[in-house]
Structures are given as C-alpha cells and as structure tokens.
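Hi,

Here is the structure I promised to pass on. Have a look at it first, and then read my notes below.

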Amino acid sequence: MSNDEKRPPENNEKQFSRRDFLKTTGVATGGILAGSLLGGVVTHFGDANQEPHGEGGTTETPESTKGNLTDARVFFSRNSDFDTLAAAAERIFPEDDLGPGAISLGVPYFIDKQCHSWWGFNGKNYTDGPHDFEKTPKFGIQEKLNRGEIFKLGLNKINEIANDEFDGNFWEIDTKDQDEILKKFEANDESAKMNGVRADVFFQLLRDTTIWGVYADPAYGGNRNMEGWKMMGYPGPRMGWEGIIEESDFHEEEPQGLRTYQGGKM
Amino acid sequence: MAKKLDKVDVVVVGMGWAGGIVAAEMAKAGKKTVGLEKGEHIKREDYIGVKDELRFDNQFQIMQELKKDTVTSRNELDETALPIRTRKKMQIGANLGGASVHWAGATYRYWPYEFEIRSKTIERYGEDKIPEDMNLQDWGITYEEMEPYYEKWEYTAGISGEQDPNAPKRNKPWPNPPLKESPSLKLFKDACKELGHKPFQVAAGNMSQNYENPDGEKLNACMYCSFCTRHGCDFSAKSDPLATVIPTALKHDNFELRTRANVRRVLYDKDTKKATGVLYVDENTGEEYEQPAEVVVLAAFAFTNNRLLMLSEIGEQYDPETRKGIIGRNFNGQYNNAFAGVKGFFDNKKFNLYAGAGAMGAAITDFAADNFDHTDLDFIGGGAIELRQYGFAAISSSNNIKEGTPSWGADYKKESLNYAYRALQIWYTNNTMSYWHNYTDLDPTYKDEYGDPLLRVTYKFGSGTKEIMEFGVEKCREIMEKMGADYIKEDSIPEEFDHEFSGGHYSGGVVMGDDPETSAVNNYLQMWDVDNLFVVGGSAFPQFGGHHPTPTIGALSYRASEGIEKYLKDKKQLVKAKTKTTNA
C-alpha cells in the first residue's frame, strides 16, 4: 500500500490498525488523524480485516489471505460501530511500552463474538417485564435491551458525540478527545444520555468486556498469542501447581492455553 | 393431568449436600427413596479440560439460569421489588450436587455461643444488649448436641484441617492434615502471632492427601490448580456430593435419582395435616408427575425451600406489619454486609497467586463469636479474619489498583500489571443477624416460566450491621500493617444492601428453634405443623453464624436424617415444643 498520504504521527501510541490508513486513502475526513506507527500494528493486528471502510474505499488487495480467518465481524453490521468499538477498547487498554493494547490483542473481535453468543443475547437472564433501566445499576441489569443491543446503541452514541463535538469520527479524533468522550459515559453525563440504557452502565459493560478480551483464554478470540497473559505473568491452566505452591520465589512459566491443556486433538 | 407414580418412603427435593446426605442415609437404611433434582445429571467428567476463567468465573456457567426463575429484591417494605436478572448479581448452584459443587471448601463449625446466642448474650451482657429491631434467637440445639453430626459430615467430606486454638477441643482429629502453607499464608500467620492472635490453617474441603471416606468413596489429593471456587473439581479432590454422598446413595437399589425433575408443589392434605407427596415437571418433556411419599424432604437451596412452602400454602406466611407468621421470617445471609477487609499492596514481594485451592487459607478466630468482650461494642458476635489463596486467573488478577487510580487507560494498565501478583486481601467473615423487617414472600408482579410468582426478598441493614464491618476492617488493617504492606486499601462500608446475591450465603426463612411461635421446624428440621415434612438446609438458620455455612448445613442434614428415620418408625412429632418464654 501507499503511505504517501499518511500524516506524521502526533504521538507514539499505536492506536490504529492498518485498515485505518487504508480508509484515509479513500475517505476524506475532517478530523485530526491521531498518529500511529504502521509497523507492529501489522504484525499484531488483523491482517484479515482489510475491507474498505464506507463508500469509496480502497481497491487495494487486502492481505486477508494471510490472517486469522476467524477475525471477521459476525455481529456488528456497521463498520462505524466496529471502528468505534476498536478505538474505544484501545483507550481502555492502550498499547504502550508494557505491551500490546486491545486492538493488537484482538479484543474488538472478541467482543463481536461475545455479542453474537447467548451472553450478548441475554440468553440466561431473566427477561420478563416490566423493565426500568434507570434502576440499573442499583438492582443489576434492568434494561429491556440485551447486551449486544446496548453495545450498538452506546457505540453509536459515542460516535455521534465525536462528530457533533469534535468534528470527526471517534476513531479519527485525537486520543485526548476520545478519552473526554469516554469519561462522559463513565460519569453518566447528561450529554451521553440514551434511551434505554444509562451511559455509565454501557461504559462499565464496554470496560469489563474489554478487560475480558485482554485476559480470557485465546479460545474466545482475544488475548492474542496469550500476549495479555505474558504481560501479566499468568501461565494459564495446568493440571496443578502442587510443586510450586510453597515456593517463595515467583515462578515464571511460558503460558499455555486451553487448547494445549485439552490436548488440541483436532 | 399429572401422572401419579407409586408411593415411596421418602422423596427428597434437591440433590446438593443437604439432599444428598439425606438420600445416602435413607438409601443405607433401606428406605425406598426418590431424589428429585431440577438440574442436569452432571459428573466429574464435565469438569475435565475446562479450566476456563471466563466461562465459570465471569459468565457463571454452572450457576442456575435465570431465564425461568429468579428472585425479586427490595430494601423497604413500601418499595417495588425488581427481579435480579443476571448471574453476576445472582449465583445459585444448579445441577446435581447443587451449590456444593462450586463451593470453595472453607470449613468451620459454628460456636457454642452461636447456637445459644440469645441466651448467652443475655447471660453475659443483659437483655439490653439486644437491639429492638433484631430477632435474635437460639437454634433449639446446642453445640454439644451438634458435635457428633459435625464430625460425621467432616469424615464423609474428608476435611483437611488442624485444631483452631480458640475452638472447643475436637472429639476426633480432622480426618486429613491441613493443606500446604504458601508464603502468603505464612506472612499472615507471622503477623497475627506478633499481634498476639492465634492463627491456624483454615480447614478445607480440598483433600491434602488421598482419602477414603466411611462410605467407601475415594477422593484424591488436591493439585492446587486454582480452578476451584465457582468451578467443579475435575479430580474428585474437592469434598462435594458428586464425589461422596450421591455415589453412595446410587449404590443402593432402593434409591432412585431423577434429574431435570422440577418440583412445583408439595402436595398437602389440610385435614390430616400431612404432606402426601410432590408435584414435579419433567423438564425434558414438560410432563407432570405426582410422586406420593410417606415423608417429604425439602432440601433445596434456601430460596426454593421458602418458595415451595409458600406456593404450597403450608405454614403461615410472615407479615412484617403485624410481625405474625413464620414462613419467610428471619431471612438472613452474608451479602455486602460481610467479608469487608483490606487489600495490601507489596512493592517488593511477588506471590504465586495464580496457584491455590478454594479453601487454602489461614485464619484467626480471636474476633469470632463471643471470643472477645463486647461490653463496649455496639454489635453482637463476630467472625474469622482470613487470608485465602484461592488461586486467581488473569481477569481477576487485573483488579489490583490503588484508591483513586482510574479503572481504565494507561495508568490502569501499568498499575494493574505491576500489582497482579503483589496484592493480598484479608477479610472479616462476620455473622449477620435477622431483623423484623427482613423476610421473604411471593412477588406480586414477576412470575416464573409456569406463571408462579417469584420469591421476593425484602432486606436492609439493621442495628450493628455497619458497626461490625467497621470493626472488622480496622482489625484487618492492623494485621495488614504488620504484614508489611506498602499501601493498604480499605473496603468501603456499604450504605445499604445492594441486591447482589453472590457468594451463596443466604439462609433462613424456615428457621429452627424450640418454640413454634418463632420457628418453623424443630431441631430435627421437622415442621412443627406438618409431622412428615422436613425442611433441610440453610433455610433453617435463625441468623447467620460468623463463618461459611456449609459444614453446619451438612451436620444438620445428618441430624435431620436421624429424625426422618425416627419419624418413619414412630410417625409422630419428635420434639415437645417449648412455650414462648425466652424470646420475649
């Protein structure tokens, strides 16, 4: 691809996927492009995720054939929702010198898959009405909306605020402005008010699910290459730790995931 | 129309510890017994190869699905209760073995003081010590009477422990030696000793060695894999009904287990004042069955025991306005009113906290029960202070951040990664009391899948609730300081009950005692009103003791089993009721 139109980075946070650069080749944007370093991102992130964004996308051949074929959206239908999700998750767990962030770890695809599961459809919740979403979180989840619907509503609202107040799509504006928007949700600010779910309840869902995606077993699509575990020093499941339970030194071991633990037969 | 089945001696509703024990004892005694379990027929194999934090700790795979049945909750009598909709807020054991499959294994007996808490409080401090809003009651049984049942359960379960220096001397030693001692436990014990407390290793329902119980069931030594609490054990190394009493019962031809059998009613004959059996639905087919029995045993979780009596119109519903009625009265439990403490952050120590076992821990009971003087304290009773090394997977290890640190972003990432294995929690397992305004009844609005009303919980804090927690946090802080933490984060004392039913320690509503005016069942857990109906489990606790409930549920289940056998022989009320004198 051509990097000719890439603007110089404003900071060193690797915030965007390679796809974002592809987008900017086809779509004029009014916002400031928060910088990104292309290297590393390609290494870590979705080579399978090269579809063009919106109308007038690039006609370049994506590198999708190289990537993980399970990295594709199966829940979110709008690119803008997914791009907002990825950028927001990256602010919650950003890439830095300690290691990869949410995007590199595959968290957006993790969340997409979760939304497409019984969990996203609230399949094991009590769902009878009447509902009163203003009573969440005091009484736990009370929304009529299910988790997947809450994600779509909330992500839409995030991007709406980005466009209204910061003149750009959420994934394109400066990280400081992104944080400012997310803080409005976290604080249940009036400007983030939605019909059907409290802003802070949505934010907590986004925050917690992002952290799940960082640290849950790679079987779920996040925690790519167990990089989340490696950063923490968590070794993953084993038959047992009888041999080291009394040791006073911290015992480090290369992590293993569920697939290895189960024998990875097929 | 329900299909009527052949009559049996005993039908047991719910196959957790309580129902499993009754089933095994009836099977061994040669009684024709049917065990009905709402959930699946799960086995140890269901837990092999699934050591998965997200699935079990965050999405609660083995907890009851709430789609069909939950409870509603409120604080105030004039408030509208709302249904608890997600398993994050409502964790009830499901399937064969019940909540005992996912329990951690912490094993304490309740104290002599706790069984006679009203009498002994008055004896030492005078009646004025008891606040007006508190329904403080004796259990109708003493520790000395409970001792053989505790011992029987502990040997069935193969508990690994050592003598608590403060506790009454044991008649027989624990069946297995204590679990191994990790550095975090040692640090806690050393600090406690320096402060003059008497630390010991928490007795555990996790095997410290291979073990064969008196029924011939074999359990294996725990591997400290950490996938224990909220998980089922893949190795039969945790004391649970799947490894013990259920296989024992199944060895006998006179016992029959039916899973996915959802009991909707106890069938009750008002003229003879006898239960005649139960009505249940086969959840695979939707067909209804009537199972007649000489004795009906409700041994489900406290919620279900309460609700089935209400739906079946057995006993008088408690009414907080008149303070009359028994069923639903003295509902209690450990919610956000217990387990407060401190988290200590250590800059120069790193612990292997990803390893552990459910009940691996160290504790002191110097501030439990009435082991310390309450003259100048504005609460009654106490609890243990514990440090537990459950073993923590990655998601739960990502929460170690200091006060004021944001829960997301670069600062969060840096601090949580740094302290993932450098933070230790200790807490106070304080007792919780029953108050006149806390009770259960049937919800006026929300229904289950069959159109039956859900159980409604009305619960708020009463006198002493916050005071005992503040006391516990202060004591935990002293210990954590002595442990050398560089930074200590105190748990905040909650303003009010937050409708979170996690942890599984909810009890009462069908409480035991010696007086039918303040208790629903006698000390064999036989109903005062219905001689052939036994209501077994945590529902019998008049208030919640200062420790985890399971051993007391196990002991009471052996006591009840003895009572059921007595009843089958004599067919009468087993205990002479006392008139109301002590509970003014």
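**Notes on the model**

Let me start with Asn95(B), which sits in the loop between β5 and β6 (106-107) of chain B; helices here are DSSP runs of H or I with at least four residues, strands are runs of E with at least two, and both are numbered from the N terminus. This is a predicted model, where local features need pLDDT of at least 70 and side-chain atom pairs count only at pLDDT 80 or more, while totals for chains, interfaces and linings use all residues. Residues are numbered from 1 along each chain as its sequence is written, and chains are lettered from A and ligands numbered from 1 in the order in which they are written.

**Confidence**

On pLDDT (the predictor's confidence in each residue, from 0 to 100), chain B has a mean of 97, and 99% of its residues reach 70 or more. For the complex, the predictor gives an ipTM of 0.96 and a pTM of 0.92.

Most residues other than glycine have a negative phi, and most peptide bonds are trans. Back to Asn95(B): its phi is positive, about 75 degrees, although it is not a glycine. Is Asn95(B) buried or exposed? It counts as buried, with 24 C-beta neighbours inside 10 Å. (Buried means 20 or more other C-beta atoms within 10 Å of a residue's own, exposed means 12 or fewer, and partly exposed is in between; the C-beta atoms are placed from the backbone.)

Leu525(B) also has a positive phi, near 65 degrees. You'll find Leu525(B) in the loop between β23 (506-509) and β24 (533-535) of chain B, and it counts as buried with 28 C-beta neighbours inside 10 Å.

Over in chain A, there are cis peptide bonds to look at. The bond from Gly129(A) to Pro130(A) is cis, with omega near 0 degrees, and Pro130(A) is in the loop between α4 (107-115) and α5 of chain A. The bond from Thr136(A) to Pro137(A) is cis too, with omega near 5 degrees, and Pro137(A) lies in the loop between α4 and α5 of chain A.

**Chain A and its α3**

Chain A has nine helices and zero strands. Of its 266 residues, 48% are buried. If you take contacts in chain A between residues at least 6 apart in sequence, 62% of them join residues at least 24 apart; a contact means that two C-beta atoms, placed from the backbone, lie within 7 Å.

How many of the 14 residues of α3(A) are buried? Twelve are, so the helix is mostly covered; among them are Phe82(A), Leu85(A), Arg91(A) and Ile92(A). The cover over the buried residues of α3(A) includes α4, α5, α6 (175-186) and α7 (199-215) of chain A.

**Helix pairs**

Helix α3 (residues 79-92) of chain A packs with helix α5 (residues 147-166) of chain A at an angle of about 80 degrees, their axes 9 Å apart. Axes are lines fitted to C-alpha atoms, for helices over the stretch in contact, and angles run from 0 to 180 degrees between N-to-C directions. α3(A) and α5(A) are therefore roughly perpendicular (65 to 115 degrees; under 35 is roughly parallel, over 145 roughly antiparallel, and the rest oblique). Residues making the contact include Thr84(A) and Leu85(A) of α3(A) and Leu155(A) and Ile158(A) of α5(A). By class, this contact has four nonpolar, four polar and two charged residues. (Nonpolar covers Ala, Val, Leu, Ile, Met, Phe, Trp, Tyr, Cys and Pro; charged covers Asp, Glu, Lys and Arg; the others, Gly among them, are polar.)

In chain B, helix α5 (residues 143-157) and helix α11 (residues 550-570) pack at about 110 degrees, with their axes 8 Å apart. That makes α5(B) roughly perpendicular to α11(B). Eight nonpolar, one polar and three charged residues form this contact.

**Where the chains meet**

The contact takes 49 residues from chain B and 50 residues from chain A. On the side of chain B that touches chain A, α9(B) gives the most, with four residues. That side divides into 21 nonpolar, 13 polar and 15 charged residues.

Cheers
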